[in-house]
Amino acid sequence: MSLLLAMTGWHVEDWRQRFQALLPDMPVVTLGEPFDRRAVHYVASWKHPPGSLSGLPNLAAIFSLGAGVDFLFADDRLPEVPIARVVDPDLTTRMSEYVVLHCLSILRQQRRYDRQQPLKNWDDDRHQPAARSVRVGIMGLGELGLEAAEKLKVMGFDVAGWSRSAKSVAGLATFAGAEGMAAFLARTDILVALLPLTEETRGMIDAELLAGLAQDGRLGGPFLINAGRGGLQVETDILGALDAGTLEGAVLDVFETEPLPAESPLWTHPAVTVTPHNAAMSEPEAVAGLISEQIKRLEAGEPLRHVVDPSRGY
Ligand code: NDP
Ligand code: OXD
């Protein structure tokens, strides 16, 4: 019985070492070497080449090495076995650090001071709005969105959230579904996207959505932070809204094409901050530990945790 590591873009040997230490009795094999396909009972995947998981007759479960599973559902030859994803405090904490960092950076206008520093001169306006006067709206109130909301509230922001199903969360204004969208956007100065990429959410952050954001806030215009998936956003619409002045700035960790192509205008736009899809990296120490526990649970006849629903796509 073996575990197959099927990944692209990450250092597979780091993961193999970690898994092998945690599962000493289970051979850990990789796509880059010959292996017995009948022996594979478990797969841990991050963006495996589509089709590479077919022909594994004894496969019992697939583990995403991240919180997102869109890359799995993009494979039309994916075996029909349960799929579990990462839900782990290490990853969740990293994401809330990213969201709080950039909300605070926007609030305190840090990019403006970074621009002024080489000029050795600050402009006269030293005014800073209070966090309580800035409305943050989080799209996606799941594991990551809820934790980010809690931490933003600790910093004093006025936080709301939007999700597919209606929720009641203490101290949080909540909105749901298509019917709740307009009111949610209208009270949002900083929009934080922490949605999964599904058929419903693809291309959601477009010109129409951005035009619905609050224009009466304390930041001189609304901001977007997308740390969910690049497929959520229409980049030409974001650039159009920035240039039209209906969007004041954007912080993007994820892109329509990754890595972000050198010719993308997002690299050099003065109102855009880009980061390399590392808002919440999966850390082998934490994530291999979680998946090894899941495998031990299955071997002991216990149910898998954090299973995704293929009909919803997340
Ligand atoms: P969860 O599944 O826990 O939460 C997803 C949230 O999105 C839920 O609140 C869900 O609503 C909501 N949602 C889904 N579809 C819709 C829809 N059509 N309309 C409105 N709301 C919707 O996911 P996580 O919080 O764990 O992760 C979110 C995403 O973050 C991941 O899927 C991944 O793409 C991204 N990510 C990015 C990382 C990075 O480094 N940039 C790192 C980790 C994750 P409901 O509650 O009603 O189900
Ligand atoms: C994830 C990611 O989904 O890192 O975990 O994007």
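Visitor: Which atom of Ala-67 lies 2.7 Å from an oxygen atom of ligand 2?
Guide: A backbone N or O atom of Ala-67. Keep in mind that this is a predicted model.

Visitor: And Gly-68, how far is that from the ligand?
Guide: A backbone N or O atom of Gly-68 is 2.8 Å from an oxygen atom of ligand 2.

Visitor: What about Arg-229, backbone or side chain?
Guide: Side chain. One of its N or O atoms there lies 2.7 Å from an oxygen atom of ligand 2.

Visitor: How much of ligand 2 does the protein bury?
Guide: 89% of the 210 Å² that ligand 2 exposes when taken alone.

Visitor: Which residues surround ligand 2?
Guide: Trp-46, Gly-66, Ala-67, Gly-68, Leu-91, Arg-229, His-277 and Ala-280. By type, that shell has four nonpolar residues, three polar and one charged.

Visitor: Changing topic: sheets. In what order do the five strands of the open sheet come?
Guide: S2-S1-S3-S4-S5, with parallel pairing.

Visitor: Why is one side of S2 and of S5 left without a neighbour in the sheet?
Guide: Strand S2 (28–30) and strand S5 (83–84) are at the edges and have a single partner strand each, so one side of each has no neighbour in the sheet.

Visitor: How many bridges pair S1 with S3?
Guide: Six. Strand S1 covers residues 2–7 and strand S3 residues 40–46, and they pair in the parallel sense. At one of these positions, Leu-3 has Tyr-42 in S3 as its bridge partner.

Visitor: Which strands does helix H1 touch?
Guide: S1, S2 and S3. Helix H1 (residues 12–22) packs on the sheet, and its direction makes about 155 degrees with that of S1. Helix H9 (residues 284–299) also packs on the sheet, touching S1, S3, strand S4 (61–64) and S5. The direction of H9 is at about 160 degrees to that of S4.

Visitor: What about the open sheet of seven strands, what is the order there?
Guide: S8-S7-S6-S9-S10-S11-S12, again with parallel pairing. Its edge strands are strand S8 (173–176) and strand S12 (272–274), each pairing on one side only. On average, neighbouring strands here are turned by 15 degrees against each other, direction ignored.

Visitor: How many bridges join S6 to S7?
Guide: Five, between strand S6 (residues 135–139) and strand S7 (residues 158–163), which run parallel. Val-136 stands opposite Val-159 in S7.

Visitor: And which strands does helix H3 lie across?
Guide: S6, strand S9 (190–193), strand S10 (223–226), strand S11 (249–252) and S12. Helix H3 spans residues 89–107 and runs at about 165 degrees to S10.

Methods: Residues are numbered from 1 along each chain as its sequence is written. Chains are lettered from A and ligands numbered from 1 in the order in which they are written. This is a predicted model: local features need pLDDT of at least 70, side-chain atom pairs count only at pLDDT 80 or more; totals for chains, interfaces and linings use all residues. Side-chain values use heavy atoms; hydrogens and water are left out. Two strands pair if DSSP finds at least two bridges between them. Helices (H or I, at least four residues) and strands (E, at least two) are DSSP runs, numbered from the N terminus. Contact means heavy atoms within 4.5 Å. Axes are lines fitted to C-alpha atoms, for helices over the stretch in contact, and angles run from 0 to 180 degrees between N-to-C directions. A residue is near a molecule or strand if one of its heavy atoms lies within 4 Å of it. A polar contact is a pair of N or O atoms within 3.5 Å; within protein, one must be able to donate a hydrogen and the other to accept it, and residues adjacent in sequence count only if both atoms are side-chain atoms. Accessible areas come from the Shrake-Rupley method with a 1.4 Å probe; for residues, only the protein chains shown count as cover. Ala, Val, Leu, Ile, Met, Phe, Trp, Tyr, Cys and Pro count as nonpolar, Asp, Glu, Lys and Arg as charged, and the others, Gly among them, as polar.
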